[in-house]
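Good morning, colleagues. I would like to take you through one model, beginning with a pair of side chains and ending with a pocket.

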Amino acid sequence: MNEQIVARHWLAVIAPKAAPAVATSTVLILARIWNANGAEHSLGNAVLMTALSLAAGAAGVCASIGRAGDPVIAGTAFAASGGLALAGVAGYADGLSLPLLLWVLATAVAYGLAARYWRTDRRDTLAYERHVSDRREERAHIERVETIRGTTQIEVARTGAAYAEQLAQALITRAALPGFDPKALEAVGLPELPTHHRGV
C-alpha cells in the first residue's frame, strides 16, 4: 500500500507553540499604546475594563457550570477575562514593571493551559496513528494471504491442465502404436478410449 507523504511547513509546526506568547504580547502592546493615548489614571477606562473582565469571567463560569458544560466556550470566556484584566492594568498603570509582571504570569498560565490540550491532542494523534497502522498491517496480511491462495490455485490448475495434456498425449501415442488392443484395456477395467483417438 502506498502511504501519502505530507511535509508540513515549519511555520505550521511553530505557530501553535508561539500562539500564547503572541496573544499575550499583543494584548500588552495594545494596552501600552492605549496607555500612551490617555488611558493612564483614567477612572472611566479602568471601570470599563474591570466590568468587561468581570462579565467575561461570569460568562466563563456560566458556560462551565451550565447544562451543556462546553469547555471551549468556558476557556474562551476565561481567556477573554484574563486578557481584559491584563489590558486594563497595563493601560491604567504608570510604569512598565507591573504590566510586564502580569504579562509574564499570563503567558506562563496560557502555556500551562495550552500544554494540557497539546498533550491530549498528541495522545489522540498517536492513538489514531496506531489504529491506522494496525488496519494497514491487517489489510496487508489479508492481501498477502489472498495472493498466496490465488497463486496456489493457479499453480494447481496449471499442473492439472499439464497432467491432463500429458495423459491425452500418452493415450494418443499409445493408440497409434502397432498391436494396440483397446479391448484388452477395457477387460482390465480401464475406461474405453474415445473413438476419434483410436483411429478406427
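Is Glu-146 buried or exposed, or does it count as something in between? Please keep in mind that this is a predicted model. The relative accessibility of Glu-146 is 42%, so this residue counts as partly exposed. Its salt-bridge partner is Arg-149, with 2.7 Å between the closest N and O atoms. Arg-149 is likewise partly exposed, because its relative accessible area is 44%. Helix α4 holds both Glu-146 and Arg-149, which are three residues apart, about one turn of the helix.

The structure has two salt bridges. Glu-155 and Arg-158 form a salt bridge with an N to O distance of 3.0 Å. These two residues also lie in α4, three residues apart. Glu-155 has a relative accessibility of 38% and is therefore partly exposed.

The largest nonpolar core consists of five residues: Leu-28, Ala-31, Met-49, Ala-87 and Ala-90. At least two residues of this core come from α1, and at least two from α3. Beyond its neighbours within four places in sequence, Leu-28 contacts Ala-90, Pro-99, Leu-100 and Trp-103.

Helices α1, α3 and α4 each provide at least two lining residues, with α3 giving the largest share, eleven residues.

Thank you for your attention.

Note on methods:
Residues are numbered from 1 along each chain as its sequence is written. This is a predicted model: local features need pLDDT of at least 70, side-chain atom pairs count only at pLDDT 80 or more; totals for chains, interfaces and linings use all residues. Side-chain values use heavy atoms; hydrogens and water are left out. Helices (H or I, at least four residues) and strands (E, at least two) are DSSP runs, numbered from the N terminus. A nonpolar core is a set of buried Ala, Val, Leu, Ile, Met, Phe, Trp, Tyr and Cys residues joined through side-chain atoms within 4.5 Å. Buried means under 20% relative accessible area, exposed over 50%, partly exposed in between (1.4 Å probe, protein chains only). Contact means heavy atoms within 4.5 Å. A salt bridge is a side-chain nitrogen of Lys or Arg within 4 Å of a carboxyl oxygen of Asp or Glu.
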